[in-house]
Each structure stands twice: as C-alpha cells, then as structure tokens.
Amino acid sequence: MIRNANHSGLTESSHVEAAEATSTQPNLFSPLSIRNLTIPNRIAISPMCQYSAIEGEANDWHFAHLAKFALGGAGMIIVEATAVERDGRISPGDLGLWHDDQIEPLRRITDFLKAHGSIPAIQIGHAGRNASSQRPWRGNGPLTEADRSYGDVPWRTVSASLLAMAPGWPVPCELQASDIERLIQSFRDAAIRAMAAGFQIIEVHAAHGYLLHQFLSPLSNQRRDRFGGSLENRMRLPLLVTHAVREVWPRELPVFVRISAVDGLDGGWSLEDSLVFSDALKAQGIDLIDCSSGGLGGAATLQRVPRALGFQVFFAEQVRKGSSIATMAVGLIIDALQANAIIVDGRADLIAIGARRSKIPSGHCMRGNGSGCRPQASRHGRNSMAGGSNGGRACWMPYWSMRTRARNQKQAFLSGAANVPTGKRRGHRHVANRGTGDAMRFARSVGSRFRQAACPQTQP
Ligand SMILES: Cc1cc2nc3c(=O)[nH]c(=O)nc-3n(C[C@H](O)[C@H](O)[C@H](O)COP(=O)(O)O)c2cc1C
C-alpha cells in the first residue's frame, strides 16, 4: 500500500491517493492521483535526450519523438533533461528553459500530449562538469576545438569541486557562493517557464552524475564550505533547488525528483544516503522519487551497478518503504506483465520506460539499426542530427547489446529457468517484439483481463 505523505503545509488533496483507496488492488492500468492531478495509468515515458535542439529550442523532431508516446497511450511523458542555464546543457543539442523564447515550441508539444490523454512532464537540470560534451554520434566525449568545425563550440564547465568527470575530461570551475544563488534562481525561473509551457509535472534531475548529483556524492564533492563535507552539507544545494522549484510550482501539481539511488562506486553515494535525502525531499513537499542509479563516472576498475531485468526496482521499493514516499521504477522493465507485477506487488507507484520501448519504429535506436543515420535538416540550414551512415549504429550499440541481454533473460524466463514475474507466455513474447504503441495496446487488453479478475461482479 502507498502510505499517504503527511507533511505540514499541504492540503489533503496534495497527498498521494493511489487507486488502492478503492477496494481493488492497483495495477498498471489504475490511475494515480497525486495532489489534484490524475495520471491515467502507471506507464511513464522516461526522459530521453534527443541532442537535436538548436539553442535549446524544441522543434519538429521533439514533437514527433514525444507525440508518438501519447498515441501509444502512456499515462505520462517526461521531456528530456532540459537545461536551466545555457552552460548547463549536456551537449549543444539539449533542450533548454533559460529563455522565454523556449516556451512556445514546448507548448505546442504539451498541447498535443494533453489532447491525446497523456500528462506532460519535464525534467529540468544542469549538467555541471558533464556539460560541453559531444552528441553521442560525435563520440560522447568532451567537446574539443575540433568540434567547432561543425558548429559545436566547447565551453567551461562548473561543478562542486575541481574534479574532472573522468580522465581526459576538463577540470571544471568550482561553483562560488554567488554562482550558487544564481543557479537556484535559474532552476526557479526554468520551473516558471515550464509551467507557462503547459507542463503538469516537473522533475528535478539530481541523478546520473550531473550537477546536483555532483554535490550529493562524496566522490565528486570535496568542498569545505557549507555545501560540502557532511551528508547534510552535501544535500544542501540540491535541497535548496528542490525547495525553490516546489515554491514556484503550483500547489495542486506534483514535483518529482530523479535520483541515482546508489553511485555503485567504492566510497560513493549509498542507498542509506538516498533514504535520508528522500525523507528531506518528502518534508519539502516533493511528491515522488524517480529511482535510477549510477552515472557519476570514475575509474573503470570501480564497481558499477550490474544490469539485469528490473535491476533498479529494488531501489524504488526501498525508497518507497523506507521514506514512505511514492516512487517510480525504471531500468530494463521490458513488458507490461513485468511492469504490472511491480505495481501489484507494491514495489513502485509508476513505471518508467526508456530505451526499453523496444523496436519502436523511430528515434535514435532505429537510427542505430544499421539502416543509416540520416541528417535532419534544421530550419537554420544546419544538421541537427549529424552523422555518417553508421554513426548512429556505433553510438547506440550499447543499448542494442543491453536489449539482446534482456532478450536472453526473457528466453530464460520462457524456458522456465529464470525467476521473473509469471504471466501468459505468448503475451510476453508478443510484447517484447513490438514497439511501445503495440505494447500499450497489448497491455490494455491484458489490463482488461486484470480488471475482469479484480471486479468479477461488474464484468460478464
Ligand atoms: C537516448 C537516451 C536518452 C536519455 N536521456 C535521459 C535524460 O534526459 N534524463 C534522464 O534522467 N535519463 C535519461 N536517460 C535514461 C532513461 O531515462 C532511463 O532511465 C534509462 O534508459 C533506463 O530505462 P530503460 O531500461 O527503459 O531504457 C536516457 C536514456 C536513453 C536511452
């Protein structure tokens, strides 16, 4: 069962009121009400950078990328990491909300998502020392002077401390107290613009080794002032940011925070730290913790979070139970039956699907499918999707191999060798080999079967 948050200063309607308020067990197709907003089902599309914006502005690429998920029936669609400052972009192709001109193109997208029954959400963040990087199909490394030849100009990065992300990456500037004030204001302003663009949920990105995570982790934060040292000090800036966002975001609408629940590195941020952080976020009125992991970089010899089906669900479950706050699970959740089991078992409140949307016939994954990486002409006459005929293939190979591993695990399940959620075996195979739209449609039919089981009196 979801515990109702009971922090002071919030109206009754602000609390998580999941479908278990009714007599039926919530499942993947139950609506989830948070504050005054109802998400029609538990399937969220995870934020996915498209590296295809020009000066932070959304364009037709973003519209097409996001609109298809609404047509597929996703309950909530989270727009990619959107930079609150120009220098906070991961790559020159990131979306941004540092300028009012960036509002209107996003509004076109939110209007469409709402009109087709999905809740539009946006993730805002700052990349810190991971900023100024190449688009994946250009190598994913730090931008260099050579990248100027096609218009991607490197810039100075900032972080908690003078520590490079990894060998070969530039040493960032250390954020000074005055920079920190400005940064908090930038998050606040970006949230106000996100609201003007029509978003109904905002997510603060404090995961994956980006700026707020760089402050949280003792591996990247070696400051000696009030923003470094103890856990309390390391959480200070992220909490000031989330507080500022919560303050300006409408009380009737939810604020989420994405965390890396663990660094997966020796001496790094731990699950225990995540519980303390989640408690503090909950006390501020944050409504849900989106539980990812890793991303801080570091030496390859250090331990990384091992990948397996639903490998991060454990974190969502622990945070949900430990901090009595709603959570979203993400990571190798590959079909509706697996996702449903997570909800039914009370391990998370929402399921986010990212690259695991399988063979959806568009997006960068398909561009990497050996079919070539076609440049997308921009209205400025430049290519926002540069790359040669196999550029996409190279940069998305890791995702394809992860998918292959997931398929192998699925085969193990189908042959009865693995301990994964039970369900109709043909259904598993069917969903795994289709795109998100098909999966959603299939999931809906599965859902009607769940509903029949839950409410025999109302179903023939
Ligand atoms: C192309 C791509 C872009 C991504 N961009 C973001 C992002 O902007 N913000 C973020 O928090 N995570 C990002 N992620 C991570 C996803 O949101 C998700 O957590 C991850 O892909 C794991 O889910 P999956 O196994 O369903 O793919 C990205 C992943 C991919 C594949």
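Student: At what angle do helix α1 (residues 60-72) and helix α2 (residues 103-115) pack?

Tutor: The model is predicted, so local features need pLDDT of at least 70 and side-chain atom pairs pLDDT 80 or more, while totals for chains, interfaces and linings use all residues. Residues are numbered from 1 along each chain as its sequence is written. Helices here are DSSP runs of H or I with at least four residues, and strands are runs of E with at least two, numbered from the N terminus. The axes of α1 and α2 lie 9 Å apart, and the packing angle (from 0 to 180 degrees between N-to-C directions, with axes fitted to C-alpha atoms over the stretch in contact) is about 15 degrees.

Student: How are α1 and α2 oriented to each other?

Tutor: Their axes make an angle of about 15 degrees. Angles under 35 degrees count as roughly parallel, over 145 as roughly antiparallel, 65 to 115 as roughly perpendicular and the rest as oblique. The orientation of α1 and α2 is therefore roughly parallel.

Student: Is D147 buried or exposed?

Tutor: D147 lies in the loop between β7 (119-125) and β8 (158-159). Beyond its neighbours within four places in sequence, D147 is in contact with Q134, R138, D152 and P154. A residue is buried if 20 or more other C-beta atoms lie within 10 Å of its own, exposed if 12 or fewer, and partly exposed in between. Because 21 other C-beta atoms lie within 10 Å of D147, this residue is buried.

Student: How many bridges join β5 to β7?

Tutor: Strand β5 (residues 76-83) is mostly covered, with eight of its eight residues buried. Strands pair if DSSP finds at least two bridges between them. In the parallel pairing of β5 with β7, A81 stands opposite Q123, and the number of bridges is seven.

Student: Which residue of β5 is the bridge partner of A44?

Tutor: Two bridges join β5 to strand β6 (residues 95-96), again in parallel, with A83 opposite G96. Strand β4 (residues 43-45) also runs parallel to β5, joined by two bridges. There, the partner of A44 is M76.

Note on methods:
Contact = placed C-beta atoms within 7 Å.
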